[in-house]
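This report goes through one protein chain, from its overall form down to single residues. Please keep the sequence and the structure in view while reading.

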Amino acid sequence: MKINIDQIPPEGLTLGETIPPKSLELDTEIAQLCSPIQIKADVLKITNVVTVDLNLNTQINFICSRCLNEFRVVLKKKLKLNYQVDNGQYGIDLNPEIRQDIILGYPIKSLCKPDCKGLCPGCGKNLNVGECSCKKEKGKGDG
Ligand SMILES: [Zn+2]
Ligand SMILES: [Zn+2]
């Protein structure tokens, strides 16, 4: 999203834009943007400072680091940006900040749910679905 400084009226302005999911290069090993990023921006310019109130809305597919299942997270963020602008500067590119903010919000370890049981190291079964047989053999040795 880019803002033309010249086009900001004294009372400010509201902009809307939809950015295609691939254009900001937000995909990582564990995360993949699966829907466009919807952005609403309230822009205000006071002397040489441009203030932008951003509302981001998108959906991200994460891969659970325990069970390797894909799960979808709806991401809604509010972001406030301040730009010092010089005379003669025409535009502001918000994309680097938007990108950075979304990336920094990625979890280091993505979990499909806080108590994900993960995969059995023995047989590879997804333990969220049910217990596997090798756990019973190992688990409680009665004698
Ligand atoms: Zn999981
Ligand atoms: Zn097992």
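What share of the contacts in the protein chain with a separation of 6 or more comes from residues 24 or more positions apart? The share is 58%. The model is a predicted one, and every value in this report is computed from it.

**Overall form**

The protein chain holds two helices and seven strands. Their order along the sequence is β-β-β-β-β-β-β-α-α. The radius of gyration is 22 Å, while the globule rule gives 15 Å for 143 residues, so the protein chain is more spread out than a compact globule. Along its principal axes, the C-alpha trace covers about 80 × 25 × 20 Å. Buried residues make up 14% of the 143 residues.

The domain assignment divides the protein chain into domain 1 (2-112) and domain 2 (115-143). Taken over C-alpha atoms, the centres of domain 1 and domain 2 are 41 Å apart. Six residues from domain 1 and five residues from domain 2 take part in the contact. On the side of domain 1 that touches domain 2, five residues are nonpolar, none is polar and one is charged.

Strand β4 covers residues 37-46, and its side chains alternate between two faces. I37, I39, A41, V43 and K45 point to one face and are buried.

β4 is joined to strand β2 (residues 13-19) and to strand β5 (residues 49-63). The table sets out these two pairings.

| Pair | Bridges | Direction | Residues standing opposite |
|---|---|---|---|
| β2 and β4 | seven bridges | antiparallel | G16 and K40 |
| β4 and β5 | nine bridges | antiparallel | V43 and V52 |

β4 and β5 also form a hairpin, with two residues between them. In the turn, T47 has a positive phi of about 45 degrees.

**The nonpolar core**

In soluble globular proteins, nonpolar side chains tend to be buried together. Which residues form the largest nonpolar core here? This core has 12 residues: I3, I19, I37, I39, A41, V43, V50, V52, L54, L94, I98 and I102. Two or more residues come from each of β4, β5 and α1 (95-104). β4 gives the most to the core, with four residues.

Why does I19 count as buried? It has 20 C-beta neighbours inside 10 Å, and the cut-off for a buried residue is 20 or more. Leaving out residues up to four places away in sequence, I19 touches M1, L24, P36, I37 and I39. N4 lies 15 residues from I19 along the chain, and the C-alpha atoms of the two are separated by 17 Å.

Which residues is I102 in contact with, leaving aside neighbours within four places in sequence? They are L26 and L75.

Technical notes. Residues numbered from 1 in each chain as written. Chains lettered and ligands numbered in written order. Predicted model: local features only at pLDDT ≥ 70, side-chain atom pairs only at ≥ 80, totals over all residues. Pairing = 2+ DSSP bridges. Core = buried A, V, L, I, M, F, W, Y, C linked by C-beta atoms within 7 Å. Contact = placed C-beta atoms within 7 Å. Domains from an automatic or database assignment. Nonpolar A, V, L, I, M, F, W, Y, C, P; charged D, E, K, R; others polar. Rg over C-alpha atoms; globule rule 2.2 N^0.38 Å.
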